[in-house]
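Me: I have a new structure open and would like to go through it step by step. Can you help me read it?

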Amino acid sequence: MLTTQQAPRNFTAGAPTGDRLAAIAARRTFVALKLTFTDAVAALEGHQAQWLRQQVRAAEDPVDLWLLRAPLFSQLAGSQPERRELRQRVRRALEAVFAEPQPSTTFSSV
């Protein structure tokens, strides 16, 4: 009886690919940013705060939130410790998503 060599089974067919993992990571980052913005606008009052809450709720992309940073920081102005903490949290969340690459130096090219 002749036996033919069969190709090995592909067990990775259902495993996430690099692109899919990157998309999941990007979505998680966006959700974390949106939650930070949501927490920040929840502490605000007034007509502008209402508008900001609607805009944050409708955001579908990190750039949508990036465009809301100026009105949000304006509403969070003040020297109260709670507002300062919210500004810092929003700033850190924005830096995590929109981090600019650092220029290479001669020290890092080794």
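Me: What pattern does the protein chain follow, read along the sequence?
Reply: The pattern is α-α-α-α-α. Keep in mind that this is a predicted model.

Me: How many helices and strands does that come to?
Reply: The secondary structure of the protein chain comes to 5 helices and 0 strands.

Me: How much of the protein chain is buried?
Reply: Of its 110 residues, 20% are buried. The chain exposes about 8700 Å², and carbon and sulfur atoms supply 55% of that area.

Me: Let's take α1. How many residues does it have, and how far does it reach?
Reply: Helix α1 has 25 residues. From its first C-alpha to its last it reaches 36 Å, close to the 36 Å expected at 1.5 Å a residue.

Me: Which residues in α1 are buried?
Reply: Phe30, Leu33, Lys34, Thr36, Phe37, Ala40 and Val41.

Me: And what do the buried residues of α1 pack against?
Reply: They pack against α2, α3, α4 and α5. Here α4 covers residues 69–75.

Me: Pick alanine 40. Is it buried or exposed, and why?
Reply: Alanine 40 counts as buried because its relative accessibility is 0%, and the cut-off for buried is under 20%.

Me: Which residues does alanine 40 touch, leaving out those up to four places away in sequence?
Reply: Alanine 40 touches Leu72, Leu76, Leu86 and Val90.

Me: What separates the C-alpha atoms of alanine 40 and arginine 53?
Reply: They are separated by 9.3 Å, with the two residues 13 apart along the chain.

Me: Now the largest nonpolar core. Which residues touch the most other members?
Reply: Phe37, Leu44, Leu65 and Leu72, out of 18 residues in that core. Helices α1 (18–42), α2 (47–58) and α5 (81–97) each supply at least two of the core's residues. The largest share, 5 residues, comes from α1.

Me: What does leucine 65 touch, again not counting residues up to four places away in sequence?
Reply: Leucine 65 touches Phe30, Leu33, Lys34, Phe37, Val56 and Ala59. Among these, Phe30, Leu33, Lys34 and Phe37 are buried residues of α1.

Me: Change of topic. How many salt bridges does the structure hold?
Reply: It holds 1 salt bridge. Aspartate 39 forms it with arginine 89, and the closest N and O atoms are 3.4 Å apart.

Me: Where are the two residues of that pair?
Reply: Aspartate 39 is in helix α1 and arginine 89 is in helix α5. They are 50 residues apart, and the pair links distant parts of the chain.

Me: Why does arginine 89 count as partly exposed?
Reply: Because its relative accessibility is 31%, and partly exposed lies between the 20% cut-off for buried and the 50% cut-off for exposed. Aspartate 39 is partly exposed as well, with a relative accessible area of 40%.

Me: Which residues form a nonpolar patch on the surface?
Reply: Val63, Trp66 and Leu67, with about 280 Å² of accessible area together.

Me: Where does valine 63 lie?
Reply: Valine 63 is in helix α3, residues 62–67. At 40% relative accessibility, valine 63 counts as partly exposed.

Me: Last one, on contacts between residues at least 6 apart in sequence: what percentage join residues at least 24 apart?
Reply: In the protein chain, 57% of those contacts do.

Technical notes
Residues numbered from 1 in each chain as written. Predicted model: local features only at pLDDT ≥ 70, side-chain atom pairs only at ≥ 80, totals over all residues. Heavy atoms only, no water. Core = buried A, V, L, I, M, F, W, Y, C linked by side-chain atoms within 4.5 Å. Buried < 20%, exposed > 50% of the residue type's maximum accessible area, 1.4 Å probe, protein only. Helix = DSSP H or I, 4+ residues; strand = E, 2+ residues; numbered from the N terminus. Contact = heavy atoms within 4.5 Å. Patch = residues over 30% accessible without salt bridge, like charges linked within 9 Å, V, L, I, M, F, W, Y side chains within 5 Å. Areas by Shrake-Rupley, 256 points an atom, 1.4 Å probe, with all protein chains shown as cover. Salt bridge = Lys/Arg side-chain N within 4 Å of Asp/Glu carboxyl O. Expected span 1.5 Å × (residues − 1).
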